[in-house]
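Could you walk me through this protein in my viewer, one selection at a time? I am new to structures, so please tell me what to click and what I will find there.

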Amino acid sequence: MKHRFWGERLSRRQLLTRGGALAAAGAASLAAPGAGAAGGAHHGQLHSGGLDHGGNLVVGDVDLSLFDPTAYLTRFDYGKVSTLPDGRTLREYKLVASDKEIEVAPGVKFAAWTYNDQVPGPTLRCTEGDRLRIHFINGGSHPHTIHFHGIHAANMDGVFEQVAPGAEFTYEFDAEPFGLQLYHCHTPPLRRHIHKGLYGVFIIDPPEPRPPALELVMTMNGFDTNFDGENEVYAVNTVAFHYVRHPIRLRVGELVRIYLVNMTEFDPVNSLHTHANFFREYRTGTSLTPNNLTDITVLGQAERAILELTYKFPGTYMFHAHQTEFSELGWTGMFEVLS
Ligand SMILES: [Cu+2]
């Protein structure tokens, strides 16, 4: 039964509606034979592993030495810091685009385009008013750019100044406004360049920093492993079910701040739902006053929100997309709250 669909050319949605293949609460085995071909090729479909592996698990693990989503959560690139003659802070970053195969689920490879060899690219961080200088080198096989969300001059917008393979470009602007921003390639066809992995999180801190907290970056993304215009794998931070295999450890009473960005292509919206808890939501992070107290946020493409929450009771809690289809295809994680 579980190999019944193997080798058939089915879309993800057809797969999902036939035989309830993946309906068993994410008990999907992504480690399918043949799925390891770069780009997924023709049999990059998920198939049901049945219930024998327990809920929300996949067989094995990805090679975490290449990209570890747990490390990504708390890794911030503040750039090379110096002081300008006028006393302001200058931060210099280097981003290199390249073609690189990544692993989005155990055994499932994806022919990505990356900034600094990872998807998402590094999380760039600065404070409002800093001068930023970003050296971009295109080491990939296609033209690319970096388009930052923020306020800056037209010629720093990464749209018209396409950077050819082997060429370089330096973006320079002041960091504004404070909030949770992002960057991504802006070369047509755009959805292809974004979906291939050329995006990252860009945090501009307010002049007066937010209160101390455990800060976690979560980028919701998806991967079309067989080029049918739909995502076969969903995740927060690239690797399907990573935080089920490796729960995020928190403490009771600890303030947790999540920088949540939606970089999912092909689907109009994505979402995050926290179990047994509510969070304060700051849409786009451009205000220090929350605009919601809720347990679910729904974000369109490139939308983002800062979420703050504290767990009252120890235990293990799920967080996941409330599009259950996404959650069963990889976008599910766990918080392990210690007393
Ligand atoms: Cu590009």
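**Stop 1: the whole chain**

Start by showing everything as a cartoon, and keep in mind that this is a predicted model. The protein chain holds five helices and 23 strands. It has 339 residues, and 44% of them are buried. Now think about contacts between residues with a separation of 6 or more: 71% of these join residues 24 or more positions apart.

**Stop 2**

Zoom in on strand β7, residues 123–127. Is β7 largely enclosed, or open to the outside? Four of its five residues are buried, so the rest of the structure largely encloses this strand.

Now look at the neighbours of β7. Strand β3 (residues 76–77) pairs with β7 in the parallel sense, over two bridges. To see one of the contacts, select Asp 77 and find its bridge partner in β7, Leu 124. Strand β12 (residues 199–205) also pairs with β7 in the parallel sense, here over four bridges. Select Arg 125 and you will find Ile 203 of β12 opposite.

Which way does β9 pair with strand β11, residues 179–184? The two pair in the antiparallel sense, over two bridges. Click on Phe 148 to find its bridge partner in β11, Tyr 183.

**Stop 3**

Select β15, β23, β22, β17 and β20. This is an open sheet of five strands in that order, with mixed pairing. β15 (248–251) and β20 (296–300) stand at the edges with a single partner strand each, so one side of each has no neighbour in the sheet. Turn the view to look along the sheet: neighbouring strands are turned by 25° against each other on average, direction ignored.

Arg 249 has Glu 336 in β23 as its bridge partner.

**Stop 4**

Before the last selections, one general point: most peptide bonds are trans, and most residues other than glycine have a negative phi.

- Pro 120 sits in the loop between β6 (108–115) and β7.
- Select Pro 188 and Pro 189, which are joined by a cis peptide bond with omega about -5°. Pro 189 is in the loop between β11 and α3 (190–195).
- Select Ala 276, a residue other than glycine whose phi is positive, near 60°. Ala 276 lies in the loop between β17 (269–274) and β18 (279–283). It is partly exposed, with 14 other C-beta atoms within 10 Å.
- Select Thr 284, which is not a glycine but has a positive phi of about 65°. Look for Thr 284 in the loop between β18 and β19 (292–294). With 15 other C-beta atoms within 10 Å, Thr 284 is partly exposed.

Key. Residues numbered from 1 in each chain as written. Predicted model: local features only at pLDDT ≥ 70, side-chain atom pairs only at ≥ 80, totals over all residues. Buried ≥ 20, exposed ≤ 12 C-beta atoms within 10 Å, placed from the backbone. Pairing = 2+ DSSP bridges. Contact = placed C-beta atoms within 7 Å. Axes fitted to C-alpha atoms, helices over the stretch in contact; angles between N-to-C directions.
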